[in-house]
Amino acid sequence: MNEEMPLVAVPNFSEGRSPRVIGALEATLSSHARVLNRHYDAQHNRCVFTMAAEPAELVEALVAGAAHALDLIDLRSHQGLHPHIGAMDVCPVVWQIEDRHETALAGARQAADGIAALGIPVFFYGELATSPDRRERAYFRQGGPAELARRMGSGELKPDLGPDEPHPSAGATLVTAREPLVAFNVELDTSNPEIAREIAADLREAGGGLPGVRALGLPREGERTQVSTNIHDPYAVPLAKVVAEISRLAAAHGARAIEAELVGLVPEAAIEGYPDEPPIRDFDPKRDVIENVLG
């Protein structure tokens with residue numbers, strides 16, 4: 001790994017049901033960057049792309065993706081489990097090695113400029129946040145698009161770039177630069193979403209749980225619920241540690257962790273020591289480990 005290593009971006013779009021829309025977005029992104037992975041979920045109604053390119057091409061891909069999402073996705077008719085405020089909801093630029101840290105920060109700011117020029121408000125979060133309360137995505141997403149419009153309309157919430165009100169159909173976009181994180185979901189053998197929510201509350205860092213872990217408890221179809229997590233430091237908190245804690249908390253409620261899934265790619269170190277149970281759905285190291293995909 002060296003300075004020539006491409007940057008990675010993981011844009012999230014509020015569409016997980018229409019193959020036509022998902023395919024169109026992928027075609028747009030792949031015309032500027034190499035798409036490494038695509039994940040979508042109909043219940044969340046969300047798709048996540050992982051892509052890599054040199055900085056200028058990556059910025060072009062992100063802005064083109066935001067522009068196409070503006071044409072294809074209308075939040076006014078959107079329904080889905082995942083919290084969101086935008087058609088291109090989240091736009092993180094990721095550095096794999098510290099030498100690319102500043103390059104990623106610059107790329108994220110350039111992408112934000114391009115997205116704002118489309119008439120979409122941009123909010124910086126994470127390392128780019130302009131105040132401590134704006135570091136977390138949940139700060140902007142609370143109450144969804146309708147509450148975002150109210151907060152912006154009252155002057156309570158000002159964007160970092162772009163217009164002072166949400167785009168009518170595309171909402172707003174959250175932008176940052178960050179190190180790799182892992183989006184990792186664990187399904188439980190209970191249909192009671194309150195159990196998943198209680199486990200998520202105890203699991204997340206803000207509730208005294210694992211450091212750097214964000215978690216939501218969500219319903220799923222059939223006799224399952226889901227603990228949906230973002231692991232912000234998967235090197236310090238590998239997946240084995242997360243599933244062990246979820247299993248412990250689930251057992252206290254008479255439930256079990258029965259299956260897991262990755263959303264996007266995972267660093268190799270994050271899966272070291274992963275147990276046989278719960279299995280990760282369709283996991284293939286050649287396809288799902290970022291070092292292997294980047295070559």
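Trainee: Why is Arg-220 called buried in this predicted model?

Mentor: Arg-220 has a relative accessible area of 15%. Buried means under 20%, so Arg-220 counts as buried.

Trainee: What makes Arg-220 and Asp-41 a salt bridge?

Mentor: The closest N and O atoms of Arg-220 and Asp-41 are 3.1 Å apart. The cut-off is within 4 Å, so the pair qualifies as a salt bridge. Side chains of opposite charge can pair when their charged atoms come close.

Trainee: Why does the pair tie together parts that are apart in sequence?

Mentor: Arg-220 sits in the loop between strand 9 and strand 10, while Asp-41 belongs to strand 3, so the pair joins parts that are 179 residues apart in sequence.

Trainee: Is Asp-41 buried or exposed?

Mentor: Its relative accessibility is 10%. As the limit is under 20%, Asp-41 counts as buried.

Trainee: How do you know that Glu-187 forms a salt bridge with Arg-224?

Mentor: Their closest N and O atoms are 2.6 Å apart, and the criterion is within 4 Å. Glu-187 lies in strand 8 and Arg-224 in the loop between strand 9 and strand 10, so this pair ties together parts 37 residues apart in sequence.

Trainee: What makes Asp-160 and Arg-134 a salt bridge?

Mentor: Their closest N and O atoms are 3.2 Å apart, against a cut-off of within 4 Å. Asp-160 lies in the loop between helix 5 (144-154) and strand 7, and Arg-134 in the loop between strand 6 and helix 4, so the two tie together parts 26 residues apart in sequence.

Trainee: Why is Asp-160 called partly exposed?

Mentor: Asp-160 has a relative accessible area of 21%. Buried requires under 20%, so Asp-160 is classed as partly exposed. Arg-134, with 10%, is buried.

Trainee: What is the volume of the largest pocket, and which residues are closest to its centre?

Mentor: The volume is about 900 Å³. Of the 45 lining residues, His-82, Arg-137, Arg-141, Thr-229 and Asn-230 are the closest to the centre. By class, the lining has 24 nonpolar, eleven polar and ten charged residues.

Technical notes:
Residues are numbered from 1 along each chain as its sequence is written. This is a predicted model: local features need pLDDT of at least 70, side-chain atom pairs count only at pLDDT 80 or more; totals for chains, interfaces and linings use all residues. Side-chain values use heavy atoms; hydrogens and water are left out. On a 1 Å grid over the protein atoms alone, a cavity is a set of points where a 1.4 Å probe fits but cannot get out, and a pocket is an open set with protein on both sides within 12 Å along at least five of seven lines; lining residues have an atom within 4 Å of a point. Grid points are joined across faces, edges and corners, and a volume is the space filled by probe spheres set on the points. Ala, Val, Leu, Ile, Met, Phe, Trp, Tyr, Cys and Pro count as nonpolar, Asp, Glu, Lys and Arg as charged, and the others, Gly among them, as polar. A salt bridge is a side-chain nitrogen of Lys or Arg within 4 Å of a carboxyl oxygen of Asp or Glu. Helices (H or I, at least four residues) and strands (E, at least two) are DSSP runs, numbered from the N terminus. Buried means under 20% relative accessible area, exposed over 50%, partly exposed in between (1.4 Å probe, protein chains only).
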